[in-house]
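Here's a quick briefing on charges and a loop contact. Have the sequence and the model open while you read.

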Amino acid sequence: LGVDASINTWNFTITLNLPEADINGLVAEFVVFPGASVSIGGVPQISGTTPNDFTQPLIYTITSEDGQQSVDWVVTITNQSIVAGIFEQDHDALVALYNATDGANWTNKAGWLEEGVDAEDWYGISVGQNRVTYISLSANNLSGAMPGEMGNLSALLDLNLYNNQLSNNIPLEIGNLIALQYLNLGVNQLSGTIPVEIGNLT
């Protein structure tokens with residue numbers, strides 16, 4: 001299996017993608033300082049022995065031998081297939097955006113949906129660790145409604161669709177973009193109220 005992994009020692013997170021793997025009962029192997037203990041939700045963990053369901057992020061608590069110090073590591077494992085260099089769910093969201101906003105008539109659609117071209121080389125797209133992180137398609141003649149599938153871009157940091165011809169309501173699924181830091185939908189023909197779900201964003 002191909003493994004895409006990231007370890008962040010600043011915020012104590014570990015993320016892995018095991019394409020198409022069964023992650024319902026994975027057994028983790030780890031090494032800690034002598035005497036230290038590892039647990040999940042108070043349940044002791046034994047390296048190479050204890051199985052866990054990784055369909056949701058798990059918090060591993062490492063406690064020193066004297067019990068005076070502990071640290072929590074958040075471990076997230078996914079089993080997404082990789083399409084055009086990104087998670088399949090991200091790829092499907094970009095395809096939905098292209099199709100819903102008349103991508104064939106965009107001002108610049110270089111690379112988009114071209115066979116053999118990874119998404120990081122699609123105009124207006126930036127990628128990090130197989131996830132879409134930036135979409136910048138301002139003034140690019142997008143027309144139509146934003147698709148709800150965009151809510152699956154859970155690693156997206158920046159969404160800039162300023163100055164296009166987007167119409168209809170902002171999809172409620174926009175509230176699923178939990179990593180989003182910048183959103184610009186100005187100078188479009190959007191209607192309806194701003195979804196309260198946008199309040200979920202960072």
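**Salt bridge, acidic patch and one loop**

By the rule used here, the count comes to one salt bridge. That pair ties together parts that are 41 residues apart in sequence, since Arg131 lies in strand β12 (residues 131–136) and Asp90 in helix α1 (residues 88–100). Keep in mind that this is a predicted model.

**The salt bridge**
- Arg131 and Asp90 meet through their side chains, at 3.0 Å from N to O.
- As a general point, side chains of opposite charge can pair when their charged atoms come close.
- Arg131 counts as buried because its relative accessibility is 13%, which is under the 20% cut-off.
- Asp90 counts as buried too, with a relative accessibility of 0%.

**The negative patch**
- Glu20, Glu88, Asp92, Glu149 and Glu173 together make up a negative surface patch.
- One of these patch members, Glu149, sits in the loop between β13 (143–144) and β14 (158–160).
- Glu149 has a relative accessibility of 38%, so this residue counts as partly exposed.

**Pro147 in the β13–β14 loop**
- Pro147 is also found in the loop between β13 and β14.
- Is Pro147 buried or exposed? At 9% relative accessibility, Pro147 counts as buried.
- Setting aside neighbours within four places in sequence, Pro147 is in contact with Ala96, Leu97, Ala100 and Pro171.
- From Pro147 to Asn99 the C-alpha to C-alpha distance is 9.0 Å, while the two are 48 residues apart in sequence.

Technical notes:
Residues numbered from 1 in each chain as written. Predicted model: local features only at pLDDT ≥ 70, side-chain atom pairs only at ≥ 80, totals over all residues. Heavy atoms only, no water. Patch = residues over 30% accessible without salt bridge, like charges linked within 9 Å, V, L, I, M, F, W, Y side chains within 5 Å. Areas by Shrake-Rupley, 256 points an atom, 1.4 Å probe, with all protein chains shown as cover. Salt bridge = Lys/Arg side-chain N within 4 Å of Asp/Glu carboxyl O. Lys, Arg positive; Asp, Glu negative; His and termini not counted. Charge placed at Lys NZ, Arg CZ, Asp CG, Glu CD. Helix = DSSP H or I, 4+ residues; strand = E, 2+ residues; numbered from the N terminus. Buried < 20%, exposed > 50% of the residue type's maximum accessible area, 1.4 Å probe, protein only. Contact = heavy atoms within 4.5 Å.
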